[in-house]
Structures are given as C-alpha cells and as structure tokens.
Amino acid sequence: MTAVLFDYPKSAAFGRVLPKSKIYEHASPSTAVKNLFVRQVEQITWQFKLAPETVNLKGTPSVPEIQIFSITLKTGELKRDVLQCIDQAIPFPILFELRYEGRVRSAAAFKRPSDADKSKWVISDYFESAWQQSEAPRTSLPMVFDLEALYARLLVPLLPFPSRPGEGLQACVERMEQICSRQRELDKCEAYLRKEKQFNRKVAINAKLRQLKNELEAMSG
C-alpha cells in the first residue's frame, strides 16, 4: 500500500524524545520484548500531540487526543510487539511513523476504550503502509468536526481494503482483521497442499482452499 504521510500543524508539535524506560514503567513488557526494543529501536520521539488546544478540534470520550510517534529503527525491521507495548503504555490513540535510512512508513492499530472497562484500551491488529522517501510530499489534514472523525481519516488509508458505504471505523477494522485471519489460514492450507502426497488429503485441502478464497472474496468486496 502506498504510504500516506500527513502534514501535521506546527501548533501541534511536541518533539520530545521518549526514553524506553518510560515505556517499560507503564507497560511492564517481558524480557523478550525489552530485547526487541534494544535490537530494533534507535529512538522514540513523541512528535505531535493532536488535541483540542493544538488543532482546534473537540475531543470525544473515545478519542480525547491523538499522538504521533516517530520511531527511528536500527535495522529497518520492527516487530508488532514493540508497537503494542507502546500502545499499552500511552492511554491515547497513536499513529506511528517508522524511519530507517531516509525512508518512512506509517503504522497504527485501531485503539478504542474497552466496552467493559473504559479505563482499558482495546488494540486491533496493526496496519501499515509501504516504505517511501522521507522527503515525499505530505497531505494536509482532512477537514473534520472532531478528533474522532480525524482519527478515522488518518487510519483508513492504512487499511488493506476500502471501507464499505455506511460502514463505521470499528466495523471496518473488524472486517480487516477477519480478512487477515482468513489469509493466514489460506497461506497455511497452501503450504500443507504443497507438502501433501496423499490424493484424498489433497482433495480435502483443495476444498478448504476454495471455501477460504470464497470467504475472502466476500469479505474483501
């Protein structure tokens, strides 16, 4: 997917380096995840804070603010566990800009307050764009009435398929997650098919593949 980079207003600039230790304090990551931070993350910068006082848009209970984090990478690879750890530590929706050797890509999960406990956040799968040059032109922020609508407009370009008419952001993201789950299942079936020698088993796997492909086509359209 082509990268979508937004031109955030200077009034929203925050520009503070966020020590990894601060993330650890609020998210309590495992040793394995801390090792990922050490191996893969050079620096985390809290780049912009999109809030009522910085972008003149009212917040909502679901989206009181939107944070933009810039992560400079050591190798160009970043495991999703790292992003999830940061999301767990910061109680606001976040969009990430990942940077490596003059290139940038956007990444984010859909993040919303839990229906069962509004103090906790539900984090979806992560969606990301392709890499592109850091100097690529940026798009102005869309004209909207509140931060919740802005969050949707920032997140939707990262989704692998377009939203359907009248489909809300949460419903759209849940459909994307189902598509990703089916695609993983289909990939496994194709791997099994390549290894399988027995004719009867091949017939059964092919039937399963047809079913998964039909489901994917229905969900993607």
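Author: A pocket is an open set of points, on a 1 Å grid over the protein atoms alone, with protein on both sides within 12 Å along at least five of seven lines. The structure discussed here is a predicted model.

Reader: What volume does the second largest pocket have, and which elements give two or more residues to its lining?

Author: The second largest pocket has a volume of about 160 Å³. Its lining includes F14, R16, P19, K22, H26 and W46. Two elements give two or more residues to this lining, namely β2 (13-17) and α1 (20-27).

Reader: How do the residues of that lining divide into nonpolar, polar and charged?

Author: V17, L18, I23, A89 and I90 are also among the residues that line the second largest pocket. Sorted by class, the lining has eight nonpolar residues, one polar residue and two charged residues.

Reader: Which element gives the largest share of the lining of the largest pocket?

Author: The largest pocket holds about 190 Å³ of space, and 14 residues line it, with S62, F110, R112, P113 and E148 closest to its centre. At least two lining residues come from each of β6, α5 (147-155) and α6 (169-195). The largest share, four residues, belongs to β6.

Reader: How many charged residues are in the lining of the largest pocket?

Author: The lining is divided by class into nonpolar, polar and charged residues. Seven are nonpolar and two are polar, while the charged residues number five.

Reader: How many cavities of 30 Å³ or more are there, and what is the volume of the largest?

Author: A cavity differs from a pocket by definition, because a 1.4 Å probe fits at its points but cannot get out. The count of cavities of 30 Å³ or more comes to one. The largest cavity has a volume of about 70 Å³.

Reader: Which element gives the largest share of the lining of the largest cavity?

Author: The residues that line the largest cavity include V4, F6, Y8, I68, L95, F96, E97 and S106. By class, nine lining residues are nonpolar, one is polar and one is charged. Two elements, β5 (94-100) and β6 (103-113), each give two or more residues to the lining. The largest share, three residues, comes from β5.

Reader: With which residue does E97 meet in a salt bridge?

Author: E97 is one of the residues lining the largest cavity, and E97 counts as buried because its relative accessibility is 6%. E97 lies in strand β5 and the partner in the loop between β8 (132-133) and β9 (139-140), so the pair ties together parts that are 41 residues apart in sequence. With an N to O distance of 3.0 Å, the side chain that meets E97 is that of R138.

Reader: Are K49 and E65 buried or exposed?

Author: K49 and E65 form a salt bridge, with their closest N and O atoms 3.7 Å apart. K49 lies in strand β3 (residues 41-50) and E65 in the loop between α3 (52-55) and β4 (66-73), so the pair ties together parts that are 16 residues apart in sequence. Both residues are buried.

Reader: How many salt bridges are there in the model?

Author: Side chains of opposite charge can pair when their charged atoms come close. K118 pairs with D115 at 3.9 Å between the closest N and O atoms, and both of these residues are exposed. R80, R105 and E128 are linked in a network of salt bridges. The count of salt bridges comes to 13.

Reader: Which residues does P9 touch, beyond those up to four places away in sequence?

Author: P9 is placed in the loop between β1 (6-7) and β2. It counts as partly exposed because its relative accessibility is 26%. The C-alpha atoms of P9 and F48 are 8.5 Å apart, although 39 residues separate the two along the chain. The residues touched by P9 are F48, V55 and L141.

Reader: Which backbone nitrogen does a side-chain oxygen of D146 reach at the start of α5?

Author: Buried residues in α5 include L147, L150, Y151 and L154. At the start of this helix, the D146 side-chain oxygen comes to within 3.2 Å of the backbone nitrogen of E148.

Reader: Which residue has its backbone nitrogen 3.0 Å from a polar side-chain atom of E196?

Author: E196 is found in the loop between α6 and α7 (199-220). Leaving aside neighbours within four places in sequence, E196 is in contact with R201, K202 and I205. The backbone nitrogen that lies 3.0 Å from a polar atom of the E196 side chain belongs to Q198.

How values were computed
Residues are numbered from 1 along each chain as its sequence is written. This is a predicted model: local features need pLDDT of at least 70, side-chain atom pairs count only at pLDDT 80 or more; totals for chains, interfaces and linings use all residues. Side-chain values use heavy atoms; hydrogens and water are left out. On a 1 Å grid over the protein atoms alone, a cavity is a set of points where a 1.4 Å probe fits but cannot get out, and a pocket is an open set with protein on both sides within 12 Å along at least five of seven lines; lining residues have an atom within 4 Å of a point. Grid points are joined across faces, edges and corners, and a volume is the space filled by probe spheres set on the points. Ala, Val, Leu, Ile, Met, Phe, Trp, Tyr, Cys and Pro count as nonpolar, Asp, Glu, Lys and Arg as charged, and the others, Gly among them, as polar. Buried means under 20% relative accessible area, exposed over 50%, partly exposed in between (1.4 Å probe, protein chains only). Contact means heavy atoms within 4.5 Å. A polar contact is a pair of N or O atoms within 3.5 Å; within protein, one must be able to donate a hydrogen and the other to accept it, and residues adjacent in sequence count only if both atoms are side-chain atoms. A salt bridge is a side-chain nitrogen of Lys or Arg within 4 Å of a carboxyl oxygen of Asp or Glu.
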